[in-house]
Amino acid sequence: SSGINAEWPLRPGYQNWSSPNQHYLVKPASENLLFTPISQTTVVSDLYCPTIIPSFTGQPGTFVSGKVTPAVRGVLITLTSPDSPDLKLTQITDEDGAYSIG
């Protein structure tokens, strides 16, 4: 069980006021989902028409979490795989020294 209690497909809502030709970077975030693609861009093309937000696919993810002690903010944590040495995931610790990479 992923611990996620949601109906699929998830259809979150949004509301935003914008000017024509305004560019936005859309980047979904979740504590227990990983998204493909990581981010997409969209442009508000008309003052009277809603902009179409690009689609994302969310999948339950595997995360590595931990804490630097004593608590230090701003420590760069790097996660690598022996199977894919070129793949590196990074995260900066928060004010409590905590990090979560997934």
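Of the 102 residues of the protein you have open, 12% count as buried, where buried means under 20% relative accessible area, exposed means over 50%, and partly exposed is in between, with a 1.4 Å probe and protein chains only. This is a predicted model, in which local features need pLDDT of at least 70 and side-chain atom pairs count only at pLDDT 80 or more, while totals for chains, interfaces and linings use all residues. Residues are numbered from 1 along each chain as its sequence is written, and side-chain values use heavy atoms, with hydrogens and water left out.

**The whole chain**

Begin with a cartoon view, in which the protein has zero helices and eight strands, so defined that helices (H or I, at least four residues) and strands (E, at least two) are DSSP runs numbered from the N terminus. Read along the sequence, the pattern is therefore β-β-β-β-β-β-β-β. If you switch to a surface, the protein exposes about 8300 Å², of which carbon and sulfur atoms supply 52%; accessible areas come from the Shrake-Rupley method with a 1.4 Å probe, and for residues only the protein chains shown count as cover. Among the contacts in the protein with a separation of 6 or more, 39% are between residues 24 or more positions apart, a contact being heavy atoms within 4.5 Å.

**Two cis peptide bonds**

Next, select Thr36 and Pro37, which are joined by a cis peptide bond with omega near -10°. Pro37 sits in the loop between strand 2 (33-36) and strand 3 (40-43). Then move to Thr69 and Pro70, where the peptide bond is also cis, with omega about -5°, and where Pro70 belongs to the loop between strand 5 (64-67) and strand 6 (76-80). As background, most peptide bonds are trans.

Is Arg73 buried or exposed? Arg73 counts as exposed because its relative accessibility is 62%. Not counting residues up to four places away in sequence, Arg73 touches Thr93, Asp94 and Glu95, and its C-alpha atom is separated by 7.6 Å from that of Ile92, 19 residues apart along the chain.

**Strands 5 and 8**

Now colour strand 5 and strand 8, which run antiparallel and are joined by four bridges; two strands pair if DSSP finds at least two bridges between them. Within this pair, Gly66 stands opposite Tyr99 in strand 8. Strand 8 (residues 98-101) has a covered face formed by Tyr99 and Ile101, and an uncovered one formed by Ala98 and Ser100.

From Tyr99, go to Ile77 in strand 6, whose C-alpha atom is separated by 7.7 Å from that of Tyr99, 22 residues apart along the chain. Ile77 is buried, because its relative accessible area is 17%. Which residues does Ile77 touch, not counting those up to four places away in sequence? They are Val68, Leu89, Thr90, Gln91, Thr93, Tyr99 and Ile101.

Take Thr90 from that list and select it in strand 7, where, at 46% relative accessibility, it counts as partly exposed. Leaving aside its neighbours within four places in sequence, Thr90 is in contact with Leu76, Ile77, Thr78 and Ile101. The C-alpha atoms of Thr90 and Leu79, eleven residues apart along the chain, are separated by 6.2 Å.

**The second largest pocket**

Finish at the second largest pocket, in which about 530 Å³ of space lies. On a 1 Å grid over the protein atoms alone, a cavity is a set of points where a 1.4 Å probe fits but cannot get out, whereas a pocket is an open set with protein on both sides within 12 Å along at least five of seven lines, and lining residues have an atom within 4 Å of a point. Grid points are joined across faces, edges and corners, and a volume is the space filled by probe spheres set on the points. The second largest pocket is lined by 17 residues, of which Lys27, Leu33, Leu34, Ile38 and Gly102 lie nearest its centre. Strand 2, strand 7 (88-92) and strand 8 are the elements that give two or more residues to this lining, and strand 2 gives the most, with four.
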